[in-house]
Amino acid sequence: MSKHHISVTINGTVYEDDVDSRTLLVHWIRDGLHLTGTHIGCDTSSCGACTILVDGRATKSCTMFAVQANGREIMTVEGLEKDGKLHPIQEGFHQEHALQCGYCTPGMMMAGVALLQRNPHPSERDIRVGISGNLCRCTGYVNIVKAIQYAAEKMRASEQVPVSAGEGGE
Amino acid sequence: MIPGSFDYVVANSVPEAVALLQQHGDDAKILAGGHSLIPLLRFRLAAPAVLIDINRISELEYIQESDGVLHIGALTREAALDDSELIGERYPILRDTASGVADPVVRNWATVGGNLAHADPANDHPATMLALGASVVAEGSGGRRVIPIDEFFTDAPFETALHADEILVEIRIPAPGERSGGAYCKLERKVGDYAIAGVAACVTLDANGLVTRAGIGLTNVGAHPIKARAAEQALIGKPLDEANIQHAADLAAAAAQPTSDIRGPAEYKRAMVHTLCVRALRRALARATGATEGR
């Protein structure tokens, strides 16, 4: 067994810790850092409840060791809200009633955010493919798709401001 | 489901990874995307003493075509293959394959090299690489060597021709000549599950529409990835008409060695190999001739 000193930026805050090589990222985030918004479902990379962003990539945090995240930047569901204002994806899930029990919601929202970062104009099919690694046993997905469409529209609208003001952007 | 204890080391270059493999031998496993290995560790089906993490060797992530060969770095993520314009335009069979591996979140980390080196007969790339006539490049203490893909897999599942101190560094695929096309068709119960069965088919036609090269690979219908040689041979020199497609599919189904399990009885899987082979050959033909593809 080896212990490793790691330094990981999560939602803008740098966390340093000594972790066992076998500690899974999701366990460190939940049990070590008490960021319990990230859920554990299947434990085998099937359900997507543990989805977070690692260096901007949607990642199932049950299938990565904490030590692998050393030096990387992570965003969890707790990082979506800014200054008391909901992220458009959170607003979309609220407005469109995209959750019932809520267990899959954090992972579903992170998969949705990753999708919209890559593809700001997703078709319904793009969205369904984009969240196909995330299981929901309550909603039947219809309202989740609507919520992501809501967020897409909202994010496009807010991004038009800097573009028309002559800002480059990515 | 916590894995047993192991030591973890980061390799920052291929020579570093090889040196670590030399040091630890069979006790070590390479950690690439980890989406096969980490679940195995969690179920305690594998218990290596050392994991060598190669995820930071970014020079192993590339997709480029040069001198009539497509070179894919072993650490190339499935998502990168799926997104690549070069792949979409010139090698649609690889897009078919990559876009069907697990799910989009898994594909952000899962690697093409890992999919091959893990040598799970249920993995998708082995069949496609067998159909394409690919080769792989291994690097070890003795330098680099090129291994034809049909010599890379053995008769046993999860076993390859790699030596204990070798790491897979590149996949090489001959660039398609004129009138070439390929397709991968996979049947799965749900997104993220392994294939019930999958068939990869590639063809090259001459100016008269006769087949000059055919490659057919089968997924998850045997203890190892299967190259349907009799089906390939039967197509050579023939037009790819419906009768010949059906005949090749009969031979491909006969080459399958499925077993009955939760994904269905053996006879059902054999029938699906037939159906998928017909579809893959029709789509390969459409791509080879520039016809509009049906779905």
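Chain A comprises five helices and five strands, where helices (H or I, at least four residues) and strands (E, at least two) are DSSP runs numbered from the N terminus. The structure is a predicted model, in which local features need pLDDT of at least 70 and side-chain atom pairs count only at pLDDT 80 or more, while totals for chains, interfaces and linings use all residues. Residues are numbered from 1 along each chain as its sequence is written, and chains are lettered from A and ligands numbered from 1 in the order in which they are written.

Read from the N terminus, the elements of chain A follow the order β-β-α-β-β-β-α-α-α-α. With a radius of gyration of 16 Å, close to the 15 Å given by the globule rule for 170 residues, chain A is therefore as compact as a globular protein of that length; the radius is taken over C-alpha atoms, and the rule is 2.2 Å times the number of residues to the power 0.38. Along the principal axes, the C-alpha atoms of chain A fill a box of roughly 50 × 40 × 25 Å.

Between the two chains, the contact (C-beta atoms, placed from the backbone, within 7 Å) takes 25 residues from chain A and 22 residues from chain B. On the side of chain A that touches chain B, strand 4 (57-60) and helix 4 (124-130) of chain A each supply at least two residues, and the largest share, four residues, comes from strand 4 of chain A. Within chain A, among contacts between residues at least 6 apart in sequence, 58% join residues at least 24 apart.
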